Amino acid sequence: MIWQGRLDGEELLHHRIFQRVKEENNYDTISTNDFVLHGFAVDEGVRRNKGRQGAKDAPDVIRKNMSNFPVIGPDFSLLDFGNITCEDGNLENTQNDLAKNVSKVLLKGGKSLVLGGGHEVTFGHYRGVKTAFQEQKIGIINFDAHFDNRQPEDGIGASSGTGFWQIAQEGEINSLHIGIQRNSNTLKLFDTAHQFGMKYILADELFFENLPSIYERVNELAESVDFLYVTICMDVFNAAIAPGVSASAYNGIFADSAFMHLYRHILKNDKLIALDIAEVNPSFDIQDHTARLAASLANEWFMI
């Protein structure tokens with residue numbers, strides 16, 4: 001049993017997340033403002049991208065680390081629709097399956113939370129948002145060391161590194177990428193980002209004194225779109241606090257006060273309807289450090 005934790009009592013003031021989760025398979029049960037969880041237990045895109053496999057095992061590990069957090073809001077509701085898998089290696093079909101499910105969630109007024117899996121989750125999740133709101137403008141905030149805007153290779157297809165290239169092929173892209181590393185992206189990828197209009201903030205720019213200008217850029221994006229979708233690739237964080245990822249970063253950012261102020265500012269935006277966390281790799285984690293951080297980032301949304 002995944003959802004379990006310390007039982008302090010049955011009264012609302014004692015509740016922890018495991019006491020409020022409902023495992024579901026009927027999308028008609030979703031009510032407005034329910035948090036709706038899907039696990040994307042897939043790392044086929046990581047394999048295609050020549051990364052360290054193992055992220056497909058992350059959703060249940062993250063769930064386990066979410067279970068014991070206290071419930072803050074009296075109306076908090078979390079519906080868990082289980083895991084989507086990719087046993088046959090057909091990543092494209094699996095991304096479409098995720099998109100269909102996410103679309104159902106959003107059309108019911110739920111908030112979509114997806115736990116990866118590799119960062120190939122981005123294209124499936126975004127497509128689900130766009131399917132639900134075809135005429136609306138979707139803004140994307142991507143916490144990542146990488147642009148993930150590589151063109152798919154012939155004979156290989158989409159991967160964990162092609163999501164934003166795929167999104168750009170479907171129309172105008174409205175995105176802000178936070179935590180980009182100069183030593184993790186070729187000049188070609190920077191050039192592609194500029195061509196697509198992908199705005200970005202380097203990891204080196206993310207410090208407390210710089211927050212006012214970063215807030216302005218976040219607000220500018222939010223004000224220009226109808227809905228917001230946030231995607232977090234855990235390799236944006238320093239390997240000291242996130243060792244269990246598909247591609248670790250010795251010089252990544254930290255979950256310090258500057259990051260948390262910025263992150264909570266984004267979560268408070270009323271336009272935010274979808275969030276995912278990708279690239280946790282339990283095979284390389286140390287005492288669940290990375291999974292626990294990922295769980296905490298999800299829980300921050302619950303506490304807004």
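The model is a predicted one, in which local features need pLDDT of at least 70, side-chain atom pairs count only at pLDDT 80 or more, and totals for chains, interfaces and linings use all residues. Residues are numbered from 1 along each chain as its sequence is written, and side-chain values use heavy atoms, with hydrogens and water left out.

Rings of Phe, Tyr and Trp (its six-membered ring) pair if their centres lie within 6.5 Å, and planes under 30 degrees apart count as stacked, over 60 as edge-to-face and the rest as tilted. By this rule there are 13 aromatic pairs. Keep F76 and F302 selected: the ring centres are 5.0 Å apart and the planes meet at 55°, so this pair is tilted. F76 belongs to the loop between α2 (58-66) and β3 (78-85), while F302 belongs to helix α9 (residues 289-303), 226 residues apart; helices (H or I, at least four residues) and strands (E, at least two) are DSSP runs numbered from the N terminus. Buried means under 20% relative accessible area with a 1.4 Å probe and protein chains only, and F76 at 10% and F302 at 9% both count as buried.

Next, select F143 and F259, an edge-to-face pair with 5.4 Å from centre to centre and 70° between the planes. F143 lies in strand β5 (residues 138-143) and F259 in helix α8 (residues 257-267), so the pair ties together parts 116 residues apart in sequence. F143 is buried at 0% relative accessibility, and F259 is buried with a relative accessible area of 0%.

Finally, select R52 and F284, where the charged end of R52 sits over the ring of F284, 3.8 Å from the ring centre; the criterion is NZ of Lys or CZ of Arg within 6 Å of the ring centre and within 35 degrees of the ring normal.

Notes. Buried < 20%, exposed > 50% of the residue type's maximum accessible area, 1.4 Å probe, protein only.
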